[in-house]
Amino acid sequence: MSLTSTLILKRFISCTPSHLRSCIRSITYMPRPGYDAVKPVTPITTDGVPRPVTLIPGDGIGPLVTGAVEQVFHAMQAPVTFEKFDVHGNMNKVPDDVMDSIQKTKVCLKGGLITPVGGGVNSLNLSLRKELDLFVSLVNCFNMDGLPTRHENVDIVVIRENTEGEYSGLEHEVVPGVVESLKVITKFCSERIAKYAFEYAHLNNRKTVTAVHKANIMKLADGLFLESCREIAKSYPEIKYNEIIVDNCCMQLVSKPEQFDVMVTPNLYGNLVANTAAGIAGGTGVMPGGNVGVEYAIFEQGASAGNVGKPKMVEKKKANPVALLLSSAMMLRHLELPEYADRLESAVKRVIKEGKYRTKDLGGSSTTQEVTDAVISALK
């Protein structure tokens, strides 16, 4: 490793808050959509009092789909109030008042934020995850009745380490035309994501955890990730543990996705695997997800929203609100409001099954508002 790389890595470690360097910490779990609620470690709601939640509509289709959530929550009288902020992906940083709100409410619902490609501009999505230590990204990819796909019996949970790996953001130009980018893997972060994956499997009656890696090439970095997963697996003998190389994983996903249950991955691989699984199960427009840490959680569309910045979709108001509606159901369970979560999720699935109101990505021609109105009608 070059001297410059060593200095950057030392700075990364020294800047890590002391509470992140401690291995004694609790975890907040996100129950899988469709399952009975499991109370988080630290209750964060008070009976009878509306729960404040930070709302970031975001860019492109974001205001359309977050608006759908607001309407549905109002219709079913969910005890949630939103603190709404105007944030865009081209900002230099997340505004202080937004961070103050999230740190106060502990929970955020977010539309997509455009991430500028190249140019040295930081991703606000990445900044939020790092500043709030949202070390888990969870995406649930599953078949829905009435939505035909190539494969049946798909029900995959991708649990991705969210704070390091290739997304550590440690890059510099050594000399003109030569850029060095560091992939950081730590035992602490690897163990805590593995712990989360096995705890999630245990709490949600899942049978298998599969670690995705490239340790045959990145023997030290991904090797450390695998060693950590193997060590944690010893504490969960009732859960089957296996491993798969990431390129073989992608091939297996598109040929026989039903073999996978819970998948635990380093940062970059999880991003690719989650989007592949989402496409197999019905598309990114219907897959819920969220980012969670010890204190805070942000819920958003599970797989990357490549249509966030498409002006035609915004102009025609035909964005698919299903993914964010299901993500908001996950948020309601996180807030210990399972009865509202069940009601919302059942209504969304009923609309999908009936097939009368669907946006273009699902083979229909409905607008965002038409789908939203259908969900509200299905609540009754």
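Which does lysine 317 count as, buried or exposed?

Reply: Lysine 317 counts as exposed, because its relative accessibility is 51% (buried is under 20%, exposed over 50%, partly exposed in between; 1.4 Å probe, protein chains only). The model is predicted, with local features needing pLDDT of at least 70 and side-chain atom pairs pLDDT 80 or more, while totals for chains, interfaces and linings use all residues. Numbering runs from 1 along each chain as its sequence is written, and side-chain values use heavy atoms, without hydrogens or water.

Lysine 317 sits in the loop between α9 (311-316) and α10 (helices are DSSP runs of H or I, at least four residues; strands are runs of E, at least two; both are numbered from the N terminus). Its phi is positive, about 55 degrees, although lysine 317 is not a glycine. Lysine 106 also has a positive phi without being a glycine, in this case about 75 degrees. That residue lies in the loop between α3 (96-105) and β3 (107-110). Because its relative accessibility is 26%, lysine 106 counts as partly exposed.

Helix α10 (residues 322-334) packs with helix α2 (residues 62-75) at an angle of about 50 degrees, the axes being 9 Å apart. The two helices are therefore oblique (under 35 degrees is roughly parallel, over 145 roughly antiparallel, 65 to 115 roughly perpendicular, the rest oblique). On the α2 side the contact uses Val65, Thr66, Ala68, Val69, Val72 and Phe73, and on the α10 side Leu324, Leu325, Ser328, Met331 and Leu332 (contact is heavy atoms within 4.5 Å). Nine of these residues are nonpolar, two are polar and none is charged.

Helix α12 (residues 368-379) connects this region to helix α11, in terms of packing: its buried residues pack against α2, α10 and α11. Those buried residues are Thr368, Val371, Thr372, Ala374, Val375, Ile376, Ala378 and Leu379.

The axes of α11 (residues 338-354) and α12 come within 8 Å and cross at roughly 120 degrees, so α11 is oblique to α12. From α11, the contact draws on Arg343, Leu344, Ala347, Val348, Arg350 and Val351; from α12, on Ala374, Val375, Ala378 and Leu379. Eight residues in this contact are nonpolar, none is polar and two are charged (Ala, Val, Leu, Ile, Met, Phe, Trp, Tyr, Cys and Pro are nonpolar, Asp, Glu, Lys and Arg charged, the others, Gly among them, polar).

Definitions and conventions: Axes are lines fitted to C-alpha atoms, for helices over the stretch in contact, and angles run from 0 to 180 degrees between N-to-C directions.
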